[in-house]
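User: Hello! I am new to this structure and would like a close look at one part of it. Could you walk me through a helix and its surroundings, one step at a time?

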Amino acid sequence: MGCFSEISDVNNNAIPLPSNIKEIYILCVVSDRYPALANQVRHLLKYETQDSILPPLVIDVFTLDVITEMLDSPLFLLSYLNRRACYSENIFAEKERVVFAYHLRKNLWLQSDIRGSILSDDWTDELDIAMLSRRCGIPGNKTPPGILTLYESCTIGRILKQIERSDNPKVIDFGFCLLTLNEDTIISLSKSIDENARHSREDGQCHDITLCFGNPTEGITIHCSAAPREHAYLELSEHSKMRKYIHKANRWHGICLHPKDLSIRFGLTMEYEWCQDSNMDALVSPSFKNKPNVRMRTLTKPGVKLGRNDPCPCGSGKKYKKCCLVNRL
């Protein structure tokens with residue numbers, strides 16, 4: 001890690017780095033366009049990874065130009081780099097641009113039982129048209145249909161716009177979680193947020209939405225409340241703490257939205273290893289345990305296989321094959 005302490009800017013001034021770096025993404029950019037660069041890298045490049053240093057991404061400068069053109073915010077760009085690094089051994093394509101085009105269409109995500117996926121070059125058709133429309137003015141959609149156009153038309157997209165302008169690390173962490181959701185989940189969650197905000201406006205009470213993410217389990221809670229900040233923060237904190245405990249999660253994210261306009265009020269992140277606690281067992285009432293989560297497709301992290309007879313990570317208490325697996329088939 002010593003080399004990372006010597007990073008400097010264009011004027012050769014040292015750039016101070018924080019001591020608690022969680023992840024490091026290595027991009028190797030070449031100036032020439034090699035048709036089979038992705039294949040060559042897969043067969044010839046030797047590298048080692050650590051917990052904080054993810055597999056490198058080798059691309060040509062033209063592909064980098066396309067990626068930064070379409071993902072024009074650090075939030076979206078870093079989210080893609082994370083997913084691409086996690087799937088470095090699970091997804092195959094002749095050109096790196098093909099993988100990126102697939103991401104724009106499907107939000108790069110593989111089910112846990114899929115160990116490898118081969119992508120054909122025709123995934124880039126809509127991306128190529130969009131770039132020609134942007135750069136050369138030819139008729140066509142300037143944004144490929146898919147995840148980016150979905151964000152433009154739904155509540156999750158409007159929340160992400162706010163997160164992009166935030167300097168609160170807790171809110172940004174929540175944004176990274178939202179960007180891992182697939183299309184069906186984004187639509188369902190957007191509708192649930194709208195419905196909860198409406199209920200909160202009508203009865204003046206807070207309403208929560210909880211969503212779990214596979215194994216290792218983590219989750220998010222969206223809190224719609226117009227209560228004073230101190231009161232709303234305490235409610236969200238206590239709710240998230242209990243949800244985290246019920247689902248045996250090591251990390252939990254929470255965010256508070258104002259029900260009037262769905263503006264972000266604050267966010268929080270709880271990150272510590274789960275352990276059995278008799279006091280928490282007493283606090284978590286049966287009615288709270290049975291309070292339903294948002295019923296949406298459960299996500300699992302890359303490389304983790306969830307067995308049919310394993311407990312469902314949504315926290316329902318049922319076996320996976322009799323719960324969220326049914327929604328996948």
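Analyst: Let us start with a word we will need: a residue counts as buried when its relative accessible area is under 20%, and as exposed when that area is over 50%, with partly exposed in between. Please keep in mind that this is a predicted model.

Our part is helix α3, which spans residues 74-86. One partner to look at is helix α8, made of residues 169-178. The axes of α3 and α8 come within 10 Å and cross at roughly 55 degrees. Angles from 65 to 115 degrees would count as roughly perpendicular and those under 35 as roughly parallel, and α3 and α8 are therefore oblique to each other. Their crossing is right-handed.

Which residues meet there? On the α3 side they are L75, L78 and S79, and on the α8 side I172, G175 and F176.

Now follow α3 to its aromatic side chain Y80. Five aromatic pairs turn up in a search of the whole structure. In one of them, Y80 partners F100 in an edge-to-face arrangement, with 5.2 Å from centre to centre and 75 degrees between the planes. This pair links distant parts of the chain, since Y80 sits in α3 and F100 in helix α4 (residues 96-106), 20 residues apart. Y80 has 0% relative accessibility, so Y80 counts as buried. F100 also has a value of 0%, and therefore F100 is buried by the cut-off we began with.

Helix α4 leads us on to a second aromatic pair. Y102 and W123 are edge-to-face as well, at 4.8 Å centre to centre and 80 degrees between the planes. Here Y102 belongs to α4, while W123 lies in the loop between β4 (117-118) and α5 (125-136), and the two are 21 residues apart. Y102 has a relative accessible area of 12%, so Y102 is buried. W123, at 27%, is partly exposed.

Finally, come back to α3 from another neighbour, helix α7 (residues 155-164). The buried residues of α7 are T155, I156, G157, I159, L160 and I163. They pack against several elements, among them α3 and α8, the two helices whose crossing we looked at. Their other partners include α6 (147-152), α9 (183-203) and the strands β7 (251-257) and β8 (264-271).

Notes
Residues numbered from 1 in each chain as written. Predicted model: local features only at pLDDT ≥ 70, side-chain atom pairs only at ≥ 80, totals over all residues. Heavy atoms only, no water. Axes fitted to C-alpha atoms, helices over the stretch in contact; angles between N-to-C directions. Helix = DSSP H or I, 4+ residues; strand = E, 2+ residues; numbered from the N terminus. Parallel < 35°, antiparallel > 145°, perpendicular 65-115°, else oblique. Left-handed = near helix turned anticlockwise from the far one by under 90°. Contact = heavy atoms within 4.5 Å. Phe/Tyr/Trp six-rings, centres within 6.5 Å; stacked < 30°, edge-to-face > 60°. Buried < 20%, exposed > 50% of the residue type's maximum accessible area, 1.4 Å probe, protein only.
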